[in-house]
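Here is a friendly walk through one protein model, strand by strand and contact by contact. Please keep the viewer open as you read.

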Amino acid sequence: MAALQAAPVELGFAEEAPAWRLRSEQFPSKVGGRPAWLGAAGLPGPGALACALCGRPLAFLLQVYAPLPGRDDAFHRGLFLFCCREPPCCAGLRGKEGENESPALLIAPNVRTS
């Protein structure tokens, strides 16, 4: 029987960083504060950043620098995670079996094109 090989996993930890490291041109991964958008194109508007359950603005939780090697259109790519602060909305963040989205959670990809 052939052994299954697991995909490589990268694990990171949150740590304090000087302010200059958290600016957009440094392609940061960070937790909290304000998003450091990588590019102005395709930013989510206020409607996209509102909880689909209660309508309140979603809070910025974290961003991860996540380039896709071999893809010119996503060489500098960041994933931005927003979530609702209201406990009733967050109670179902795991979603139901077969669902991969929660109306109280938004993952917004952002790509720098230049």
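## Ground rules

A residue counts as buried under 20% relative accessible area, as exposed over 50%, and as partly exposed in between, using a 1.4 Å probe and protein chains only. This is a predicted model, in which local features need pLDDT of at least 70 and side-chain atom pairs count only at pLDDT 80 or more, while totals for chains, interfaces and linings use all residues. Residues are numbered from 1 along each chain as its sequence is written, and side-chain values use heavy atoms, with hydrogens and water left out.

## Overall layout

The protein chain has one helix and four strands, arranged along the sequence as β-β-β-α-β. These elements are DSSP runs numbered from the N terminus: helices are H or I with at least four residues, strands are E with at least two.

Of the 114 residues in the protein chain, 24% are buried. The accessible surface, about 8,700 Å², belongs 57% to carbon and sulfur atoms; such areas come from the Shrake-Rupley method with a 1.4 Å probe, and for residues only the protein chains shown count as cover. Contact here means heavy atoms within 4.5 Å. Among contacts between residues at least 6 apart in sequence, 58% join residues at least 24 apart.

## Strand pairing

Strands pair if DSSP finds at least two bridges between them. β1 and β2 run antiparallel and are joined by two bridges, with valine 31 partnered by leucine 62 in β2. Six bridges connect β2 and β3, again in the antiparallel sense. Across that pairing, leucine 62 stands opposite leucine 81 in β3, and valine 64 stands opposite leucine 79. β3 is mostly covered, with six of its seven residues buried.

## A buried glutamine

What does glutamine 63 reach with its side chain? This residue lies in strand β2 and is buried, at a relative accessible area of 3%. The side chain of glutamine 63 reaches the backbone oxygen of proline 28 at 3.1 Å and the backbone nitrogen of alanine 36 at 2.9 Å. Leaving aside neighbours within four places in sequence, glutamine 63 is in contact with several residues, including Ser29, Lys30, Arg34, Leu79 and Phe80.

## Aromatic cluster

Three aromatic pairs are present. Rings of Phe, Tyr and Trp (its six-membered ring) pair if their centres lie within 6.5 Å; planes under 30 degrees apart count as stacked, over 60 as edge-to-face and the rest as tilted. Tryptophan 37 and phenylalanine 82 are stacked, because their ring centres are 6.1 Å apart and their planes meet at 20 degrees. This pair links distant parts of the chain, 45 residues apart: tryptophan 37 is in the loop between β1 and β2, phenylalanine 82 in strand β3.

Phenylalanine 82 is buried, with a relative accessible area of 4%. Ring pairs link Trp37, Phe60, Phe80 and Phe82 into a cluster.

## The salt bridge

How many salt bridges does a search of the whole structure find? The search finds one, where a salt bridge is a side-chain nitrogen of Lys or Arg within 4 Å of a carboxyl oxygen of Asp or Glu. The partners are arginine 56 and glutamate 86, whose closest N and O atoms are 3.7 Å apart. Arginine 56 lies in the loop between β1 (30–31) and β2 (59–65) and glutamate 86 in the loop between β3 (77–83) and α1 (87–90), so the pair ties together parts that are 30 residues apart in sequence.

Arginine 56 is partly exposed, with a relative accessible area of 45%, and glutamate 86 is also partly exposed, at 27% relative accessibility.

Terms used:
Polar contact = N/O pair within 3.5 Å; in protein donor to acceptor, adjacent residues only side chain to side chain.
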